[in-house]
Amino acid sequence: MPRHRPERRIPLAASTLVALSVFATCVEGQEPGRAELSGPITGGQRGTAFGALGGAALPAGYAESEWFLSGIASSYEKVGTWGLDGRWDAVPAGTEPFAIRLLIRRPIEASAFNGVVVVEWLNVTAQSEGAADYSQMAEELVREGYAWVGVGAQSVGVNAAGTGLKAWDPERYGALSHPGDRFSYDIFSLAARALRVTPESGHPLAGLRVGHLVATGRSQSAFRLVTYVNAIHPREGLFDGYFIHSRGANASGLTAEGMGADAERPIPPGARIRTDLDVPVFDLQTEGDMVALRSHLTRQPPGDQYRRWEIAGAAHAEVPRWIIEEPPPLSTGPGCALPVNAAPHDAIVKAGLRAFSRWVTAGQVPAQSPEIELGDPNAEDPIVRDEYGNALGGIRLPHLEAPTATLDGRRNSVAPPAPPGQNFCFLFGATEAFSADTLREMYPNREAFLTPYIAAVDALERDGYLLPPEAEAARRAAVDSTIGL
């Protein structure tokens with residue numbers, strides 16, 4: 001069926017309106033799709049964008065704005081059989097109007113911009129739009145001068161009762177509409193196409209010379225990016241690379257909501273990233289992703305356009321520390337039965353972003369990390385562990401080379417009584433600090449602890465798994481600790 005413009009424009013809470021039309025690529029039997037970028041958005045009952053930093057929380061030298069993207073999006077349907085090799089084909093099916101939002105953080109001065117726009121598929125597992133990758137990448141994004149754009153590609157972020165944008169601020173977001181996640185893939189494409197059009201004025205990236213557009217997604221968003229990479233990128237070719245972070249065994253369905261499987265011809269667990277891509281794919285996984293989400297089933301060898309890093313001792317989510325010692329007490333996170341994982345997962349993510357960006361922009365291909373050692377892949381916990389219960393293999397945080405605790409990604413549980421609403425303790429892993437007696441036996445003096453800990457930090461920095469600021473923070477934390485005193 002032909003694509004048509006929406007019959008109504010989005011009424012903005014602000015008096016300022018700049019509209020930019022963005023045309024999609026032609027598909028056989030259809031007219032080009034079109035999306036309109038409108039903004040910046042202000043006003044509303046709360047007077048701020050959902051998830052905005054604002055004020056002192058906004059990094060120095062950065063501006064933040066919110067824009068709406070509206071138009072006609074396509075759903076897709078599968079062509080042929082979708083197997084584990086990821087070589088999937090899809091064709092457009094029905095079309096529906098949509099209106100979603102983009103949250104933008106960008107350098108104010110063009111001279112501070114490194115030319116790379118990180119486009120994050122906002123995570124909606126908590127029934128609202130969350131910047132799950134930005135939360136771990138922020139320091140590196142600012143240090144290196146990236147622009148960041150969060151795209152509300154999924155339905156629940158707009159429509160969820162009580163937590164979606166329309167419920168959070170009906171005045172600001174009441175005109176938004178999302179026809180369902182089967183349209184999310186084309187919505188993400190239309191957002192990318194909009195960001196590639198950068199006139200001197202009337203655009204959220206105005207004044208910046210965009211050299212590369214890369215996509216990121218963490219957790220549920222990574223599930224959907226796998227499907228996007230394998231089925232949609234070969235058609236559209238809009239991104240210069242993909243950072244897939246903490247995916248599980250399953251890719252998201254083409255027509256299903258959220259992380260669900262398609263009712264017809266579901267994608268099999270363990271699907272790989274296709275090997276015939278023309279852009280880099282960087283796949284970052286934690287030990288916890290392998291245990292709680294079974295992502296070890298997706299492991300594949302490095303290829304011309306594929307690299308994978310595996311972080312031993314890290315969970316899908318965490319409350320990080322460089323040194324595990326008590327006091328202070330370990331965090332139980334969102335009300336978990338056990339203290340949650342404390343590995344600094346985010347430090348490896350920052351290094352991964354830099355390695356990925358240099359791959360995209362300069363062709364510097366990163367190494368494939370050592371693999372976390374596996375035992376029985378069908379076991380509830382497939383990881384091979386040392387005498388302390390810590391994983392073997394993988395990227396070796398200093399927490400594992402000079403251990404003061406057991407750090408794992410095994411499923412945690414909710415502390416009774418269970419709190420109302422959603423709880424994600426099963427993703428937070430656990431930390432079990434060693435007793436004082438054990439620490440004295442292992443580290444009878446400072447040198448016994450500091451030597452292996454700092455050697456591990458030095459090795460990670462040398463191999464590109466830690467950046468200098470995080471490496472220095474780790475060394476400083478070790479020196480400031482009381483281990484071995």
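Me: Helices (H or I, at least four residues) and strands (E, at least two) are DSSP runs, numbered from the N terminus. At what angle do helix α11 and helix α12 pack?

Reply: This is a predicted model, where local features need pLDDT of at least 70, side-chain atom pairs count only at pLDDT 80 or more, and totals for chains, interfaces and linings use all residues. Residues are numbered from 1 along each chain as its sequence is written, and side-chain values use heavy atoms, with hydrogens and water left out. Axes are lines fitted to C-alpha atoms over the stretch in contact, with angles from 0 to 180 degrees between N-to-C directions. For α11 (residues 446-462) and α12 (residues 468-480), the axes lie 10 Å apart and the angle is about 175°.

Me: Are α11 and α12 roughly parallel or roughly antiparallel to each other?

Reply: Angles under 35 degrees count as roughly parallel, over 145 as roughly antiparallel, 65 to 115 as roughly perpendicular and the rest as oblique. The angle of these two helices is about 175°, and α11 and α12 are therefore roughly antiparallel.

Me: How many charged residues does the contact of α11 with α12 have?

Reply: Contact means heavy atoms within 4.5 Å; among the residues that make this one are Phe449, Tyr453 and Glu461 of α11, and Pro468, Ala474 and Arg475 of α12. Ala, Val, Leu, Ile, Met, Phe, Trp, Tyr, Cys and Pro count as nonpolar, Asp, Glu, Lys and Arg as charged, and the others, Gly among them, as polar. The contact has 10 nonpolar residues and no polar ones, and its charged residues number five.

Me: Why is the pair of Tyr228 and Phe239 edge-to-face?

Reply: Rings of Phe, Tyr and Trp (its six-membered ring) pair if their centres lie within 6.5 Å; planes under 30 degrees apart count as stacked, over 60 as edge-to-face and the rest as tilted. The structure holds 20 aromatic pairs. In the pair of Tyr228 and Phe239, the centres are 6.0 Å apart, and the pair is edge-to-face because the planes stand at 75°.

Me: How many residues apart in sequence are the parts that this pair ties together?

Reply: Tyr228 belongs to helix α6 (residues 220-236). Phe239 sits in the loop between α6 and β8 (242-245), so the pair ties together parts whose separation in sequence is 11 residues.

Me: In which loop is Pro327 found?

Reply: Pro327 is joined to Glu326 by a cis peptide bond, with omega about 0°. Its place is the loop between β10 (306-311) and α8 (345-362).

Me: A cis peptide bond joins Gly39 to which residue?

Reply: Most peptide bonds are trans. Here omega is about 0°.

Me: What value is phi of Gln127 near?

Reply: Most residues other than glycine have a negative phi. Gln127 lies in the loop between β5 (116-121) and α1. Although Gln127 is a residue other than glycine, its phi is positive, near 70°.
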